Structures are given as C-alpha cells and as structure tokens.
Amino acid sequence: MRQFLLFASIAMLAACTPPKNDAYTKYKKTDIQVTEHTPVVIEAVGQDKVMFLGQMIDAGNNSTKGAMLYPGATGEMFLASIITHAVLEKSMGNSAKSKLAEQSNKVLIPYASVLDNFSTKSLLQDSRALIHLDDRFDVIDGKTSSASSVVKDDQQSKQPWVVRSKPVYFMTQDEQAVILKNVIEIYSNKKQKKPIYTNIAEVISSGHAASKDASSYWLEGNPPRLRRESIELFSESIEIAVTDLLSKLSDSPDKEITFKLDQGGKTVYERGYFVAKNENRTTIRTLRGWLKSMPSESLIELSRAD
Amino acid sequence: MKFSMLPALVLSAVFLSGCVSAPQKPVSLQQDFWEKSEKIIGVVMTKVPELDVYLPGAGCLLCIAVAEANHTKLSKHVDTLQPEGVANLKAKLIEILTNKEISAVALNEELDLEKLPEYKSKSNPDAAKYDFSKFQKEHNLTHLLVVDVRRLGIHRPYSSYVPTGDPKGHFSAVGYLVNLSDNTYAWYRPVEIYEGVTDVWDEPPKYPALTNSYYQALEAGKDSVLAAFSK
C-alpha cells in the first residue's frame, strides 16, 4: 500500500509538468485615481538598439503553428527567451532551436541598414509626439521637461508616473507585417517597486498589398517606412495600455468569441473579446488579459459563441 | 499428442493480425470531379461529441483513475467550453456546394454509423466501411458527404501512469464523400489537430492558454474540413 501511494504521488506530480518558461507576463491592473497634470515618464528597457526578430518559421509541428514568443516576466528571462525563441517544442534540441531562430532572422537581412541605426533612445524620442494619453497626464522627459509639455507648478511636487516598456518587434516571414510585442509596466511613482499595471500589448501593422518586392515597401521614404511604422506601433501600444489602466476600454468578457486574423498572410486564431474598435484598428483582449491591436480589415471572420 | 508452443503462437499471431484492418488512406477529389455528370449530394453529420479530456496511453484501469484524478480541475473547465460552429459545418458545406452550382441537400437526421450495415470489398481499398446505399434510395442522391467529428477537447498523451507531453487543444474528425453508385470514397480526409500552448498551460481554474488552444484547434479543424470544397 505504501509503495502504491508513493507511486501514485509520483504519477500525480509528473502530471504537473514544470512550465517551459518559469513565468509569463500576467495581466495586473490596480484601480487608481489620476489627478490633473500628473507627470508621466515613458521608458524603454532593453538593449541600445531596438530589438527586431524574424517571426518564427513554422517548425512543422502544428502545435507551434504561427506561434511567437510570449515574453517572460523578468527582464533577463524576457531577453533570454526572446533570443532563444523559447516557445519551441521540448522535442526540439537546443541546436535545432537556435538554428531555427537564426534561419527565422534571415528575413531581416534587407533591413539591416535601418535596424542598425534604430536605437531605443530614438524610438522613445520619435514616438513622444505620437503618444496621446488621457488629458490628465503630461508626458515629460525623464531628465528634462519636454518641449510639448511644460511642467506645471503643481507637477513639481508630484512624483512622475513611469510607463516602462520592453518592446520587441517581429517581421513576418512573408514580410507583409511587423508585429510589436510590448511588455508594459506602469508605476505610480519612480520609487515604487511593484507596478500598478502589467500587461502585454501586441500591435500588428497594416499589412501591405502583396508585392513581389516587400523590402522596397518597408525601405521607402526618409525615414524609411519600417522605422516610421515601428514608432507608430510603439505609440499605439503605450496608448492602449494606459487607456486600459484607466478602465476606459469597453470590457465585456461575456461576449467572448474566436477571432480569425490574417496576420501577414498567415491565419491566426485568438480567443478573446473586443475592447475597442474604430474604422482603422480593432483591439481585443485575449483570455490572459493581454491586448492585441490590429488593422480592422485583417479580421476576416468571427465565430460567435451563440 | 505433444503440444508445441511455436506453431500455436504463429497461428495465434496470424489470426490476430487478421483482425486488424488497415486505416483508410486519404482520398483526394479528382480534379474534374465537379465537371463530371450531374450530382445530387446529401450532407449528413454524426452526433457532435461532448467535450472531454482525452488521456490516451493511460492503459490500465488504475492508470486511467490516476490520470483522471490528475485532471479533475481541467475536466471541470473543459465542461464549460463549447463546440462552437461544429453543428454549422453541414450548413456551410451546403452553401459551398450550392455556390459551385451543385445540388446539395441537407439531411436532417443524425447519422449513426453503428446502425448501418458494414461493407467490405476485397478488391477496392477505397470502399466505404459501411453500406450507405440506403441514402441513394431514400433521398435520390448520387453522393453522400459525411462529416464525422469524433473528438473535441483537450488531449494529453500518457504512458501508463506518467504523462508524456503537455495537454493540447484537440479536434479530430473525418470527412468523406461516398459515391453511392459503388459505395466507394470519392474523397476521404482525416483531420487531426493538436494545438499546444506556447508557455505555461497549468493555470486553473480558467486555463486561459489551454482554452485558447482548444478554440484554435476547433477553428483550424473546421477550416480543414471545409477546405477541400472551398477551392
């Protein structure tokens, strides 16, 4: 009997396999009052250069079909998991994983000239003009007040809020779309250790019409479209996260449906519900609470619960 | 008489192997299928299965008990998921066929394969396993399109007491078109979809990632059933 109990316990424990990543970004939102002229600083954590990766090539196993990385909770784990594209099946050896990651990143070769000069600092600077937060916030620079938003007298006594983001961009393998996955943490003052808001905001670019030469599309203009679009995606991700924190998204979990998305020529399914919709963009909340914003036209079919 | 074990074993093996029928291989629709003579296609579905947690490989009774005990919370959650749109596959197929200007009839009955006579053909490997001829007589059809959804829910492989992989969203079905003039498959497609979770799956009570995987498998499965006729 004792042996049986021991064996049964082992079997039970074996059923709870350890997660592949130790953790993932859990959606967390604290109800909080925001007063007028609250200063807010937007930061980006990461490497000097903006992180771009090629969307993972399908490993031929339908369990990873269309899968991309879900960033981890801590900075180190987040970066490590990105670099190794840790979402691959356990059955794949490490060398196979890195080979696939290397192969996936080849899609970025035509864009090296843009990406080599795309710093995280410039991403923050250039996105500032595009980020439109709630009127109660005044976006300021971390060190000096911004030209667009002069620090008011009463701000000086206030600790600024901090919107800390970890943006990672993915280019789809058909080069039709760029996808930003941004882990966002919001602190109501700089000294706070625990964020009042944590989430992942995923923003998908408007895929361009099928073209034989996708690179000329992304490299067009000065600055190139790839850079312009990346900055817009970043701004959108910050805006939707802050809107979510302020409970200004229309959450209706009872209207949960399956979305069928055309993501860079690939069909992707996601379960969730609408939280915002306009002519151009639609934002949904996934079952984990993460936010996903996409061009409205890329939603090609809906399967309703009823 | 002296009893010899070896011939007895060989004989048993031959008998037992005779009981195992080879699985039906997929059959593609012939390219000119739609252009050939006029057709009247009846579309029918088997009963949509209830959602379940499938634990194949947990062979013995005790293994099943242990495996099921490990997944009670998950089973409870799976009971809340829905087979969304599965029952609508018939209507969608009718729509697709009608758009191709093919006469298509929805058969309201729920097909119970066990109630049909078995059918065997020694010469034709694409002969249907059941005798569908009654549909030709009763409904004046040339072909019968069958959608048989077999499993919906979550799948986790086991080896006796131990799970050998993480749970995945699962959709299992087979679709086939029977030529009622000779009871053979004009088209046969098994659909097996397993959608995994990219990171953590064990998130009771709502299992958001695994729930997402189930609905991904469901949608991919439905699309796969329809795909052959959508082209």
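Pro223(A) lies in the loop that runs between helix 6 (214–219) and helix 7 of chain A, where helices (H or I, at least four residues) and strands (E, at least two) are DSSP runs, numbered from the N terminus. The peptide bond that leads from Asn222(A) to Pro223(A) is cis, with omega near 0°. Most residues other than glycine have a negative phi, and most peptide bonds are trans.

Before going on, note that this is a predicted model, in which local features need pLDDT of at least 70 and side-chain atom pairs count only at pLDDT 80 or more, while totals for chains, interfaces and linings use all residues. Residues are numbered from 1 along each chain as its sequence is written, chains are lettered from A and ligands numbered from 1 in the order in which they are written, and side-chain values use heavy atoms, with hydrogens and water left out.

Backbone angles are the next topic. Glu175(A), in the loop between strand 5 and strand 6 of chain A, has a phi near 60°, a positive value in a residue other than glycine. With a relative accessibility of 17%, Glu175(A) counts as buried, a term that means under 20% relative accessible area, as against exposed at over 50% and partly exposed in between (1.4 Å probe, protein chains only). In chain B, Asn183(B) has a phi near 55°, which is likewise positive in a residue other than glycine; Asn183(B) is placed in the loop between strand 7 (168–179) and strand 8 of chain B, and at 5% relative accessibility it counts as buried.

Thr172(A) is found in the loop between strand 5 (161–171) and strand 6 (178–187) of chain A, and Thr172(A) is buried, with a relative accessible area of 1%. Its side chain is joined to that of Asp174(A) by a polar contact of 2.8 Å, that is, a pair of N or O atoms within 3.5 Å, of which, within protein, one must be able to donate a hydrogen and the other to accept it, and residues adjacent in sequence count only if both atoms are side-chain atoms.

Asp134(A) belongs to the loop between helix 5 and strand 4 (137–140) of chain A and is buried, with a relative accessible area of 12%. A polar contact of 2.6 Å links the side chains of Asp134(A) and Lys248(A). Leaving aside residues up to four places away in sequence, Asp134(A) touches Leu246(A) and Lys248(A), where contact means heavy atoms within 4.5 Å.

How do helix 5 and helix 7 of chain A meet, and at roughly what angle do their axes cross? The axes of helix 5 (residues 120–127) and helix 7 (residues 225–245) of chain A come within 9 Å and cross at roughly 70°, so helix 5 of chain A is roughly perpendicular to helix 7 of chain A, a label given to angles of 65 to 115 degrees. Among the residues that make this contact are Leu123(A) and Leu124(A) of helix 5 of chain A, and Ile231(A) and Phe234(A) of helix 7 of chain A.

Finally, chain B as a whole has six helices and eight strands, and buried residues make up 48% of its 231 residues.

Conventions. Axes fitted to C-alpha atoms, helices over the stretch in contact; angles between N-to-C directions. Parallel < 35°, antiparallel > 145°, perpendicular 65-115°, else oblique.
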